Amino acid sequence: QVRLVESGGGLVQPGGSLRLSCAASGSISDLYDLGWYRQAPGKQRELVVVFENYTPSVKGRFTISRDNSKNMVYLQMNNLKPEDTGVYYCHLVNTVHWGQGTQVTVSS
């Protein structure tokens, strides 16, 4: 059974930084199969990064990383903008497995 648990969200001012974490457990052969998605209020869920492919709006500001020893995937988010606000999800690609999400709010 796969379990994904996100943490690290919060309220941050524009230009600030946050690091999201995804704790993975269960039948996951490769942490590179985990990606980050987000859903802004009133919008569809969208890809943020998977397999080192970043959506253009976050390229150069967000960085995905992994710690195999801890089964963790991280999303370092710098120079945050109000349009980055949303619920961020960890997802095992090509499966039905999603985390519960963590809220990121960028506001002054």
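**Leu4 and its surroundings**

Modeller: Leu4 touches Cys22, Ala23, Ala24, Ile28, Leu34, Cys90, His91, Leu92, His97, Trp98, Gly99 and Gln100, leaving aside residues up to four places away in sequence; a contact means heavy atoms within 4.5 Å. The model is predicted, so local features need pLDDT of at least 70 and side-chain atom pairs count only at pLDDT 80 or more, while totals for chains, interfaces and linings use all residues. Residues are numbered from 1 along each chain as its sequence is written, and side-chain values use heavy atoms, with hydrogens and water left out.

Leu4 is also among the residues with the most contacts inside the largest nonpolar core, together with Leu34, Trp36, Phe62, Leu75, Met77 and Tyr88. That core has 26 residues (buried Ala, Val, Leu, Ile, Met, Phe, Trp, Tyr and Cys joined through side-chain atoms within 4.5 Å). Elements giving two or more residues to this core include strand 4 (34-39), strand 8 (72-77) and strand 9 (86-92). Strand 3 gives the most, with four residues.

The chain as a whole has 10 strands and zero helices (DSSP runs: strands E, at least two residues; helices H or I, at least four). Its radius of gyration is 13 Å, close to the 13 Å that the globule rule gives for 108 residues, so the chain is as compact as a globular protein of that length (C-alpha atoms; the rule is 2.2 Å times the number of residues to the power 0.38). Of the 108 residues, 44% are buried (under 20% relative accessible area, 1.4 Å probe, protein chains only). Among contacts between residues at least 6 apart in sequence, 56% join residues at least 24 apart.

Definitions and conventions:
Buried means under 20% relative accessible area, exposed over 50%, partly exposed in between (1.4 Å probe, protein chains only).
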